[in-house]
2 protein chains.
Amino acid sequence: MPRQTDARERMIRSAALLFRERGVDGTSFNDVIAHSGAPRGSIYHHFEGGKAQLAAEATQWAGEVILAGLADALAEDDVPAAIARLDEQWTRTLERSDFRAGCPIVAAAVEGDREPAARDAAAAAFARWQDVLAGALRARGLTPERASSIAALVVAGIEGAIVLARAQRSTEPLHRVTGELGRLVELASA
Amino acid sequence: MPRQTDARERMIRSAALLFRERGVDGTSFNDVIAHSGAPRGSIYHHFEGGKAQLAAEATQWAGEVILAGLADALAEDDVPAAIARLDEQWTRTLERSDFRAGCPIVAAAVEGDREPAARDAAAAAFARWQDVLAGALRARGLTPERASSIAALVVAGIEGAIVLARAQRSTEPLHRVTGELGRLVELASA
DNA sequence: GTCTATACGAAGATAGAC
DNA sequence: GTCTATCTTCGTATAGAC
């Protein structure tokens with residue numbers, strides 16, 4: 001594994017982490033260099049497409065990391081317990097960052113017009129999360145239609161709650177939302 | 001009403017409209033000038049605090065406009081019908097803008113660190129919306145605790161669904177989420 | 001691969017004339 | 001109040017040496 005690959009991976013990882021706090025447009029190459037320790041001179045060697053390519057790859061990478069966490073949670077717990085776990089995970093992210101860090105996929109989604117490739121990566125991430133959740137809900141006996149709708153509500157509700165939590169600098173919206181979502185899933189698949 | 005006031009109001013309105021598509025950081029004074037037709041030279045006359053002040057005032061203004069629409073819907077319809085109306089309104093906004101426009105309050109919330117005053121205005125707007133919704137839910141017989149939690153889920157769910165809709169360039173997430181939210185409110189207050 | 005230097009544009013903000 | 005001109009900073013991106 002050549003060091004070159006390491007630098008590239010580190011830049012992607014750093015970009016994704018910085019997107020959570022500063023957004024895509026708000027994260028400069030300088031920020032990524034400083035955070036990753038990668039060398040300045042090789043940016044366009046690794047990312048020929050410039051910032052658009054880095055943004056898209058970082059968004060895709062972040063989407064896959066979050067997907068893996070979601071799949072793990074659903075493999076070990078049932079859906080309501082997995083939702084409670086998401087509550088805990090996002091609570092940690094919010095509190096550790098003093099409410100500066102949100103979801104990098106949301107950042108890429110709301111700046112879609114400026115970085116279309118990153119937006120498309122965000123759309124794909126959202127779709128995969130919904131698919132995984134809907135599958136778990138179907139396994140609980142829900143119809144495909146209902147499973148898809150509740151999966152959409154879970155993803156949208158948690159993402160929206162993270163936005164509210166950042167604005168209000170409080171994890172209360174997140175706890176309220178995940179609590180309701182857990183109750184709803186219990187009720188719908190009872 | 002002197003023309004000066006008109007120019008100031010127009011700049012605030014234009015800024016809020018542009019925030020929906022480009023975010024706070026992505027909207028420059030040049031953009032606001034071009035959109036509002038306001039004179040260049042008087043920016044710092046009207047907004048002594050520069051862009052931070054314009055961003056905060058535009059966010060506050062947008063929050064109040066949306067609040068008024070929400071209050072109107074709740075005054076005329078019951079909660080599930082009001083949620084259906086929000087679905088229609090946001091569908092129009094998304095489709096008319098070819099999925100470029102989202103919610104300006106979300107834009108201010110996710111760029112919180114760069115514009116703290118705008119973020120605080122976003123937090124206040126979210127809190128007011130939740131208050132109004134929770135009041136309507138209490139009127140349907142829900143306990144204050146439950147009303148607050150469902151109100152949080154409605155706000156977070158719809159805001160999250162708008163983010164998903166922009167990324168996927170489809171109103172389907174919004175329809176699914178508002179459908180589930182309407183069902184949930186019916187069930188919870190039956 | 002990585003460096004330095006630089007081109008080029010756009011942003012926010014200020015100064016001073018009118 | 002509004003204009004024009006300008007300062008400063010910062011961003012992406014490129015060129016060419018090593």
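How many residues does H7(A) have, and what does H7(A) reach from its first C-alpha to its last? Here are some friendly notes on this predicted model.

1. H7(A) has 24 residues and reaches 35 Å between those two atoms, close to the 34 Å expected at 1.5 Å a residue (the expected span is 1.5 Å times one less than the number of residues). After H7(A) comes Gly141(A), with a positive phi near 105°. Helices here are DSSP runs of H or I with at least four residues, numbered from the N terminus.

2. On to the interface. Chain A places 40 residues in contact with 41 residues of chain B, where contact means heavy atoms within 4.5 Å. Between them the two chains bury about 3,600 Å², 62% of it on carbon and sulfur atoms (accessible area, 1.4 Å probe, lost on being put together and summed over both parts). Val110(A), Arg176(A) and Glu180(A) supply 17% of the area that chain A buries against chain B, more than any other three residues.

3. The rule finds 4 salt bridges across this interface (a side-chain nitrogen of Lys or Arg within 4 Å of a carboxyl oxygen of Asp or Glu). One of them joins the side chains of Arg176(B) and Glu145(A), at 3.3 Å from N to O.

4. Helices H6 (104-110), H7 (116-139), H8 (144-168) and H9 (172-188) of chain A each give two or more residues to the side that touches chain B. H8(A) gives the most, with 17 residues.

5. The same surface serves both copies, as 100% of the contact residues of chain A recur in chain B.

6. Some conventions: residues are numbered from 1 along each chain as its sequence is written, and chains are lettered from A in the order in which they are written. Local features need pLDDT of at least 70, side-chain atom pairs count only at pLDDT 80 or more, and totals for chains, interfaces and linings use all residues, while side-chain values use heavy atoms, leaving out hydrogens and water.
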